[in-house]
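Please read the following report beside the sequence and the model.

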Amino acid sequence: MKLYLGVDLGSTTSKAVLVDDQGRVVGRGITNTRSNYDVAVEIARRDAMTDARLALALRDLGADAAAVAESFWVCTDLYRLEALRQICRDTARAVPGEGPRLVPAIDLILSRLVEEAGQLFNAQARSRGSFFRDIVGARFHALAEESSQRGGLEFERVLGVYDRAILEAENQLLDVGFAEVFAAAVERALRDDVRRDQALAAGRDAAAAELDVVGFVGTGYGRARLPFPRDCIRSEILCHGLGAHAMLPRTRTVLDIGGQDTKAIQIDEVGLVTSFQMNDRCAAGCGRYLGYIADELSLGLHELGPLALTARRPARITSTCTVFAGTEIRDLLSVGEKREDVLAGLHRAIVTRAMSLLARSGGVSEELTFTGGVARNPAAVAALRDMVLAHYGARTINVHHDSIYTGALGAALFAHRGVPAVDLPDAKECKGCSA
Amino acid sequence: MSDSVVEKEASMEAQKELLAGYFARLARARDEKRPVVYSFVPGNLVELMSALDVAPVYPEVNALQSAMRQRSGGFIREAERAGHSEDVCSYVKCDLGMLMKGNVGPTGDTIPPPDLLLLSFTGCFTFMKWFELLRDQYQCEVAMLHVPYVGDGNVTDAMRAYVVEQLQREVIPKLEKVSGKRLDLDRLSELLARSRRAEEDLAWVFHSARNRPSPIDAYFGGVYYIGPIFTSFRGSEEACRYYATLRGEVEARLTAGVGPTTPGGPLLDERFRLVVEGPPNWTSFRDFWKIFYDEGAVAVASTYTQVGGSYERGFRHDPSRPLESLADYCLSCYTNLPLPQRSRILADMVSEYEADGFVIHSVKSCNSFSAGQLHMLREVERLTGIPGGFIESDLVDARYYGQANIKNRIESYLQMLAARKRDGGSAPRPPVHLQVLP
């Protein structure tokens, strides 16, 4: 099968999308962008390829497909857990004087994580946008606390082992093939021998299927770091425009609030950008700002929006400056403002800033599609709906359930379209594009 | 990026020498008993000053030269320590900071204090406040020339007469007082005749960008080209020689069919022709330029190269009517024009130079000229049917310049233009305006 790959290397998450020669999405992958961009991109790419093979394997499994799929991703994370266990052990052994006590404690925690894998790594956790390190980190933290209370080991020492180990673990690529993980997933999910054999055969076929990536385009905040030829790099502004058009063809305005920047984009009826504006050097009011707020309040990023939606009287926020985020919150809480009211005010402030960019780019047309990580936040979406209604009147505001992949999808579609030699630099040097 | 080998044209080397000579002469001005007059580039009356043998100083040129030598940051911090806000024009703070640190100019020579502040007001309100601060510092007199704002784009006889009357009543007497000499109108006319010669050559150079490929970059190269004529060399033989040399260089490139010389070497593949509005960022000037030439983007025209004289659009000093000609010069400066006229000039240049697009560089700390630029963007889009690009940074404050951000915007804009070329994309839609709230 001929495939076209789009990679969106964002400042918070790295995404990959594969489309077939009809331009249909056949695989997606996502991971947190870590210090090592190359590994992040490779993990996202491999996940997208794996996703494409999984889709092939599940095609004829009927009612068993959902259970096997769920089990597949749990098994993938079990392999990751095993890799983490090895690194944790090595790290613990290296702690002077404490190794012999730390290793059994760490082993115990990792064993508990393996036992709980079915609950920890389920589809619900993934849909919250949590990655392996977030899920494991939160649970490890709790178990380390228990372990310390029982065994007299200092909590910080146990957690210190994890903090060092996870950095190494997440920059390590898993050395396990699709067939092996799929077989483990089937063993775990299905009890009936006939159905199990049928599923294993489908997995073997999928593992053997020829998936040939014949074109690729990279985009996103870190696109210059991608190991792609220059001609196979596209601005994320163009990719978000095309991706939003592919997901929702009536879209004429795109608002993308990512980790590092906010973009207001106007597109035409074929998804080409006609105008855009983005924030200047200051990243106030972008996704990173929400990350700081979550840290400040010791909340998960995914908890901010739902909590903000419970507000009765949104607080008045004067600044979305990331540097002053902590001060702003502490000031408001110290004068008695409720946490949810402060959060609601913060979300409104972010959207107010985005509204200014929208106005600068040409306003809000009949149909606006909201993309980027912040589009997953229900309070941000609600604030956007309110403000668009107040300032422009009734408009359709879309948030696609796969909006996080908009940029990567646009990139994959650019790869699918090919890159004509006449307009782009050094096209003849590009081996990856389909021109 | 900044470590690359920089290729320079002979005229650039010549200009460097002119500039070094200028600062060295300035440093000797006190010893040689030459009066010193501070003035600003837009609407400068350098021929008048030269005719009375006074040495001109341009504070904003000192600021930009300091920035190109990475010295503006220290000066700005000095001014902010003294209480000036982050939001104040960075040219002003750079100049004040330099003054506080001993007034050592960009080349290391000390800038002498002024005997007179000659304020030719051509649209920038900050200039007035700047000289009020300098007047307080130096306790010297100000000669104020109020150039009427050309609100509808048309210069009238009454406006001209108003400026000439001020030249006769206010400016010339004060200049004569500090110089101790009487103005010789014949000498002034000789200077203006030389100005005209240089202006002819400069205009020819800018018009050469109508060719494909353009032999010049009218923005990044253009800021070098305007150097002598916008400052103290207009009316001099040195300027005439410089512009004759420059014209010769450009003619040679035109004949050879090659593009402009950039710091990375000759531009061999002109892929985008752009018109640019707004001054460049000076602290990261080469990195800023590189974003464009790496993509094969050439500025075929710019408005910044018209702030000190609209030669490209036809203005020439006229030695037969010296004072009226100086008045016309001041009135027609780009800084003195209203938004509709500025938009029209941009749109005309897009058409005249067959540009693929236009980019507005908005300056954070310049309220005078940044206000209204988004309106201009929409207006030029409406007039040309071509989408514009918009970037923001600052003149000489490096804190406001983000290479990754600007690179992202420019690359996105150029890719948008490429997509339009390839797929015949739509013209920009008219903006959807905010509803007027009750």
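## A loop residue and its surroundings

Asn103(B) is partly exposed, because 15 other C-beta atoms lie within 10 Å of its own; a residue is called buried if 20 or more other C-beta atoms lie within 10 Å of its own, exposed if 12 or fewer, and partly exposed in between, with C-beta atoms placed from the backbone. This is a predicted model, in which local features need pLDDT of at least 70 and side-chain atom pairs count only at pLDDT 80 or more, while totals for chains, interfaces and linings use all residues. Residues are numbered from 1 along each chain as its sequence is written, and chains are lettered from A and ligands numbered from 1 in the order in which they are written.

Asn103(B) has its place in the loop between α5 (90-100) and β3 (116-121) of chain B, where helices (H or I, at least four residues) and strands (E, at least two) are DSSP runs, numbered from the N terminus. Although Asn103(B) is not a glycine, its phi is positive, at about 55°. Ser298(A) also has a positive phi, near 50°, and is a residue other than glycine. Its place is in the loop between α11 (287-296) and α12 (301-308) of chain A, and Ser298(A) counts as exposed because 7 other C-beta atoms lie within 10 Å. As background, most residues other than glycine have a negative phi, and most peptide bonds are trans. A cis peptide bond, with omega of about -5°, joins Arg212(B) and Pro213(B), and Pro213(B) is placed in the loop between α8 (185-207) and α9 (222-225) of chain B.

Ala189(A) is found in helix α8 (residues 178-189) of chain A, and Thr384(B) in helix α16 (residues 373-384) of chain B. The table sets out how many C-beta neighbours each of these residues has.

| Residue | Other C-beta atoms within 10 Å | Class |
|---|---|---|
| Ala189(A) | 20 C-beta atoms | buried |

Not counting residues up to four places away in sequence, Ala189(A) touches Ala67(A), Val68(A) and Ser71(A), a contact being a pair of residues whose C-beta atoms, placed from the backbone, lie within 7 Å. From C-alpha to C-alpha, Ala189(A) and Phe72(A) are 8.7 Å apart in space, although 117 residues apart in sequence. Thr384(B), leaving aside its neighbours within four places in sequence, is in contact with Ala347(B), Val350(B) and Ser351(B), whereas Thr384(B) and Ser368(B), 16 residues apart in sequence, are 25 Å apart from C-alpha to C-alpha.

## Chain A and its strands

Chain A holds 16 helices and 9 strands, and it is divided into domain 1 (1-58 + 211-248 + 403-435), domain 2 (63-183) and domain 3 (250-399), with bounds that come from an automatic or database domain assignment. Taken over C-alpha atoms, the centres of domain 2 and domain 3 of chain A are separated by 34 Å.

Strand β2 (residues 13-19) and β3 of chain A pair in the antiparallel sense over 7 bridges, two strands being paired if DSSP finds at least two bridges between them. These strands, β2(A) and β3(A), form a hairpin with 5 residues between them, and Gly23(A) in the turn has a positive phi of about 80°. Val17(A) stands opposite Arg28(A) in β3(A). Of the 8 residues of strand β3 (residues 25-32) of chain A, 7 are buried, so this strand is largely enclosed by the rest of the structure.

Strand β8 (residues 367-371) of chain A runs parallel to β9(A) and is joined to it by 3 bridges, and Glu367(A) has Thr396(A) as its bridge partner in β9(A).

## Where the chains meet

The contact takes 29 residues from chain A and 29 residues from chain B. On the side of chain A that touches chain B, the elements that give two or more residues are α10, β7, α14 (339-361) and α15 (378-392) of chain A, and β7(A) gives the most, with 6 residues.

How values were computed: Two residues are in contact if their C-beta atoms, placed from the backbone, lie within 7 Å.
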